[in-house]
Amino acid sequence: MTSAPDNTRLPVLTLAALGVVYGDIGTSPLYAIKEVFGGTHHPVPITPDNILGILSLVFWTLVLVVSVKYAAFIMRANNNGEGGIMALIALVQSNTHNARQARALVLLGLFGAALFYGDGIITPAISVLSAIEGLEVATPAFKPWVIPLTLGILFGLFWVQRHGTGRVGSLFGPITTLWFVVLAILGIANIWHSPGVLAALSPHHALGFFLAEPGVAFFSLGAVFLAVTGAETLYADMGHFGTRPVRLAWLGLVLPALTLNYFGQGALLLVEPEAIAHPFYHMAPEWALYPLVILAGAATVIASQAVISGVYSITHQAIQLGYTPRMLVQHTSSEVSGQIYLPGVNWALFLAVVALVLGFGSSSSLASAYGISVSGTMIITTLLVYVVARRAWGWGRARSLLILGVFLLIDLSFFGANLSKIADGGWFPLAFAGSLFLLMTTWKRGRDLLKARRDRDAMPLDAFVQSMSGADIPTVPGTAVFLTPHPEQVPHSLLHSLKHYKCLHERVVVLNVNFANEPFVPVEQRVKVTPLGERYHRVEIFFGFMDRPDLTGALHRCTDAGMACDLDNTTFFLGRETLIPRKKSDMAWWREKLFITMSRNAGTVADYFGLPPNRVVELGAQVVL
């Protein structure tokens, strides 16, 4: 967890946050205004009143959605410093005592997480494509190279992820800072020629736009929303850097630079309406075009980084909370626990992004698919934060409805406008989210059924210890550790070991790992040792859902808890189950088959917990679901 930064670290963390958190929302000027007035989906006629109305909508959307909703309110709903929808799910669970309500809220949150993954695929594709398409402004000769260059840049981005978000953020931070400074300079240069555009800072222009052309104004929200599509990453990535650096970067640089650039594009269109083909690039003088394309390419790579980091965080939390199968998680920082890299997720995301680039072929086509998943996630986040406000913050019903109801109304307006994009590509993120939601709920349901099956066949651990106390069982030296998800039951691996080897080690440890509904568990509270007899011990180890689950490191602390543990003389016994489906079970046949497939392809317990391979013994068993 990132602790509250002191004054010496604050500038460094703020710079790194610029490089990781704000890349997505920072590259929206490349395509947002272009899609409002020149897109294929309900374009707004270019008139002075419409330009002022749209600019006013964009500015107040940035203020209300990002500054007020996320920076001021949503980031308060952190789970001991961690943000993102999975952390929010855990927070809601811990504050909801009605089991049926808790299940419904968790399912809602899971669908929100699945929608976030849809954003994680579209953002890299649309961001990099929109930047490289700027080469077409310089000369049409570059058009055949747009797709190959985009794919090459994306490959480099996903390849560098293994070095960790901290190093990536330190590298990207200065580039992002330069990008926002350039955004501001371009905006000021164009506003200088049409200063009247600053009148759009008044919200009455947005209101007048809706009153004059309500239909056009409503559908324009689908494109206006592109200006805030990176807002959810503020919350998802806050655990990487802390709330202060994230808020400081937004208010100190990002919001002013974005506002100036959007208003600069509006000023340009007031003078040159034909510049709508690429308003961002037409803001720059001809001599600066190629350097601007290069800088935009770098900035869009960084935009992708913001969402990729968020996907890593959400996946890691989902694994710890039991909603997805185990997979390899590499911690890339010894100082900040939230900085991680998941190779499997990384390259699966890359393949999906490549498919999108090849399938849609242009940023304008992708814009039709963009927005619906993010707006859906925002609605779900608002609903879950309402629960947190009522039950954790102690807000009254009137206060919660007044504040969060306004946010929900804004979210629903954007979501409704984006629904019109479904036939033009918006179906893709919804279909993708639906597939992920099915996988997550299937995994959770399957694990629950497996637990119920084990409970039916289980033997109480205390009864086993008592029955073995007088038995004449040969003893071998060393310690045997048997992992189990149920500390009150005899592990199946222990029964199989006794059946096959007909002996017991001089010390038998029944080890249970618990993941709490909080991101981090203090080291001094991590281990609990309970002696059960002359040779038997029950050890419970507690991790938060953002902790690194290092079992060997945790076992070293058993000495402080009254049980010395020599890992050189310890063998870990793991159970490996072969699952067999059965008809007329509590889960549909096809979902049983899906769960079994996921279970077979899940990462091993030994790899996930960092157990030494030469000290692990696996014992198999067949389990009928």
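Me: A pocket is an open set of points on a 1 Å grid over the protein atoms alone, with protein on both sides within 12 Å along at least five of seven lines, and its lining residues have an atom within 4 Å of a point. Which residues lie nearest the centre of the second largest pocket?

Reply: This is a predicted model, where local features need pLDDT of at least 70, side-chain atom pairs count only at pLDDT 80 or more, and totals for chains, interfaces and linings use all residues. Residues are numbered from 1 along each chain as its sequence is written, and side-chain values use heavy atoms, without hydrogens or water. The second largest pocket has 21 lining residues, and Met327, Val345, Ala348, Leu436 and Leu439 lie nearest its centre. Its space is about 570 Å³.

Me: What makes up the lining of the second largest pocket, by class?

Reply: It has 16 nonpolar, four polar and one charged residues. Nonpolar means Ala, Val, Leu, Ile, Met, Phe, Trp, Tyr, Cys or Pro, charged means Asp, Glu, Lys or Arg, and the others, Gly among them, are polar. Helices α6, α16 (289–321), α17 (343–360) and α21 (427–457) each supply at least two of the lining residues. The largest share, five residues, comes from α17.

Me: Why are α1 and α14 called roughly perpendicular?

Reply: Helix α1 (residues 10–20) and helix α14 (residues 243–271) pack at an angle of about 70°, with axes 8 Å apart. Angles of 65 to 115 degrees count as roughly perpendicular, so α1 and α14 are roughly perpendicular to each other.

Me: Which residues of α1 and α14 make the contact?

Reply: Contact means heavy atoms within 4.5 Å. Leu10, Leu13, Thr14, Ala17 and Leu18 of α1 meet Arg244, Pro245, Val246, Leu248, Ala249, Leu253 and Val254 of α14. By class, this contact has 10 nonpolar, one polar and one charged residues.

Me: At what angle do α6 and α19 pack?

Reply: Helix α6 (residues 99–132) and helix α19 (residues 372–391) pack at about 145°, with their axes 8 Å apart. The residues of this contact divide into 10 nonpolar, seven polar and two charged. Among them are Leu105 and Phe111 in α6, and Ile380 and Arg391 in α19.

Note on methods:
Axes fitted to C-alpha atoms, helices over the stretch in contact; angles between N-to-C directions. Helix = DSSP H or I, 4+ residues; strand = E, 2+ residues; numbered from the N terminus. 1 Å grid on protein atoms, 1.4 Å probe; cavity = no way out; pocket = protein on both sides within 12 Å on 5 of 7 lines; lining within 4 Å. Points joined across faces, edges and corners; volume = space filled by probe spheres on them. Parallel < 35°, antiparallel > 145°, perpendicular 65-115°, else oblique.
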